[in-house]
2 protein chains.
Amino acid sequence: MDTGNLLYAQSGGVTAVINATVCAVIQACQRRKIKVFAARNGIIGALREELFDLGKEDRAMIAALRHTPGGAFGSCRFKLKSLEADRAHYERLIAVLRAHDIRYFLYNGGNDSADTSLKITQIAQALGYPLQVIGVPKTVDNDLPLTDSCPGFGSVAKYTAVSVLEASLDVAAMCESSTKVFVMEVMGRHAGWIAAAAGLAGKRASDPPHIILFPEVPFDEPKFLARVKATVESVGYCTVVVSEGLKNADGKFLAEAGTTDAFGHTQLGGVGPLIAQIVKARLGYKFHWAVPDYLQRSARHIASKVDAEQAYAVGKAAVDYALAGDSGVMPIIRRTSNTPFKWKIVKAPLTKIANIEKKLPPNFITADGFGITAAARRYFEPLIRGEDPPPYDKVSGLPKYAVLKGRLVKKKLPAYPLADR
Amino acid sequence: MDTGNLLYAQSGGVTAVINATVCAVIQACQRRKIKVFAARNGIIGALREELFDLGKEDRAMIAALRHTPGGAFGSCRFKLKSLEADRAHYERLIAVLRAHDIRYFLYNGGNDSADTSLKITQIAQALGYPLQVIGVPKTVDNDLPLTDSCPGFGSVAKYTAVSVLEASLDVAAMCESSTKVFVMEVMGRHAGWIAAAAGLAGKRASDPPHIILFPEVPFDEPKFLARVKATVESVGYCTVVVSEGLKNADGKFLAEAGTTDAFGHTQLGGVGPLIAQIVKARLGYKFHWAVPDYLQRSARHIASKVDAEQAYAVGKAAVDYALAGDSGVMPIIRRTSNTPFKWKIVKAPLTKIANIEKKLPPNFITADGFGITAAARRYFEPLIRGEDPPPYDKVSGLPKYAVLKGRLVKKKLPAYPLADR
């Protein structure tokens, strides 16, 4: 079985721990004596035949990937369409794989990538090219079905809960004569997973965050303002966490930057300042707002240990599955016990994952629409457990993140120009 | 000498390590058998006779203050005016101190607080009340004169450099097909200390941050855009750090929220998104922006060890000075050696500190106005050295920050209503 090479590629937004997955993939391949390549900038590099030769990298740097945020080989927002519409791309991809004797393809991403993985499985079969395709889960959005959680999510959840806790201690100290309302915008285009995780920062009603604005709950301005006012009057200040995907009663995003990304999704941003301005205009309170943006999903320094371990585990399992002859599957996380928290990796078919978004369960949101329930806490809490700090340089005071050589293998095929989309 | 009680109060914006200073003050007082109070919400609580009785707090919680961000007893933005204009306030303050036999007053803040400390020294002398007044340095703005750095700054500097490094790894991974320009706004109303510290994230010209926009350098849009374009074309992406205090050639802030704080300072915010929009409008690049706001100054989880140690040291020295009979002075940090980095606490007169802002030295900014020099690195680097993580709760995954009882002492004087300002 163990013949041929393996290609790993990343897709979509990167995370604080996706490189832990790469690290596991490379180390598993090295143990199994399988030659491993990584596509530069995801599927784009695979089509361009831009493949990093990971055999040229130092083992210490490969090990350092485990604690390095971002995507070490680059990722992309480039979605392959249907087999009919993008036939040329799929055939080119198989040609590149064939040219480098790649029999195993691991695609690390979210919903879109699972769909692409599935299509690649199909085209390989149609073309009679022997290929094991494994989807590997990754997304801070935590919206993949079947898996208990998605690698990357636990770390953004921890960053968010810790940041809300810390910033609220600051606001609490100043509220008598300064800022009374603090608004923090978090990621989550269609589902409030990250917003909900912010709720872990406090347990009592007087604890921050006092109000969470979920994409799942249409924004009700009068009700929101009444809660802000009541909170400031009873607690002294009010911390609000708002999801970038907050919508009004008509289902429209409250804030739209007016541009779209390569997948046609609207680029959001700025609902935090908007909510803060509404508070100021209606209630007159002094406000501050924060939009951590990429900081939240790249904050490896405050990664969740559980998340880092799961990210590593799915990478290792993906290689195991591929070499065992599986294809069209994804290693997912199954929670086998909540107290104590236990989990294992199991296999799931991509057909049950591709293009399916897991929504935040309605029973995770309190009846008033502004907080999280005990059921939500039971789910979220284990995911942010434990710390896994990177090593720091004693002189610079900065984390020692991996720096790779990034040697590309010699191309064997003609150039393949890709138009911008 | 060791008779009477000690009152500690905080003023102005809080930091990730100001509670380390409180911790030192309380522990030093306990060792010296001095009864210690903390004013609730700074000078406001001192005027209202709202004094926390720190003898009621558990020693373990006092010790936990060393790693707890925010201001444990509350701070304020409330500046006492001249002795003539605010005579009633000053006399009330002395009455409160007299009522509780307080002979030592420690005021922990920045420039404004040093000025207030000085005036309190003067009124106590004028009224014949024996009082030792010690200013204790604290400000993320790092703009106090004489001292090598200000407690609180090293930690925001470390947070900023680490965040720029991590977010840039994310952008670098995505830039081929997604975000090309990332803009991060940092604090610093009048001086670019924090913006400059961001420069520690990288050393080579191709390293992020590629452009720093300092308050000291008037914004030159064509020159800025040309640099963004050149960076995207050579590096693939461009990370921009912009100080909230960025001004145009006329000396006006680029972004003003239109409100002022209690000291009459204009409330800033939003220059990050503004710069990002300029890039989009002129160059068409896809952008993201982040405004960490309070997150940067409260991020105790990534505090600098040097900063935490210095914050503790100034608190301890302040008690020593007060009990030794000093008044009208401040413990400051003197750097005695750069390699290896060594420092000690020395005494400085408040007359040479009050209302004087230390500007970023011109030789810290590169000739092009967009980066930091080797001299700047030599100054900044030791300040972000070392980590001092808080303990974490094994179940919640959150830092274990101090929770105090906050018992107020019984009032002895009539109420003193304070009008809002």
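The side chains of Glu176(A) and Arg48(B) come together in a salt bridge, with an N to O distance of 2.8 Å; the term covers a side-chain nitrogen of Lys or Arg within 4 Å of a carboxyl oxygen of Asp or Glu. Between chain A and chain B, the count is four salt bridges. This is a predicted model, in which local features need pLDDT of at least 70 and side-chain atom pairs count only at pLDDT 80 or more, while totals for chains, interfaces and linings use all residues. Residues are numbered from 1 along each chain as its sequence is written, chains are lettered from A and ligands numbered from 1 in the order in which they are written, and side-chain values use heavy atoms, with hydrogens and water left out.

On the side of chain A that touches chain B, helix 6 (153–174) is among the elements giving two or more residues, and helix 6 of chain A supplies the largest share, 13 residues. Helices (H or I, at least four residues) and strands (E, at least two) are DSSP runs numbered from the N terminus.

The contact (heavy atoms within 4.5 Å) takes 70 residues from chain A and 70 residues from chain B. Together the two chains bury about 5,700 Å², 60% of it on carbon and sulfur atoms, where buried area is the accessible area (1.4 Å probe) that two parts lose on being put together, summed over both. In chain A, Glu166(A), Tyr294(A) and Leu295(A) lose the most area to chain B, together 12% of what that side buries.

Turning to the fold of chain A, seven of the eight residues in strand 4 (102–109) are buried, meaning under 20% relative accessible area (1.4 Å probe, protein chains only). Strand 4 of chain A pairs in the parallel sense with strand 1 (5–10) over six bridges and with strand 5 (132–137), also parallel, over six bridges; pairing requires at least two DSSP bridges between the strands. Leu7(A) stands opposite Phe105(A) of strand 4, and Tyr104(A) has Gln132(A) in strand 5 as its bridge partner.

Elsewhere in chain A, strand 12 (329–337) and strand 13 (342–349) run antiparallel, joined by eight bridges, and a hairpin of four residues connects them.

How values were computed. Buried < 20%, exposed > 50% of the residue type's maximum accessible area, 1.4 Å probe, protein only.
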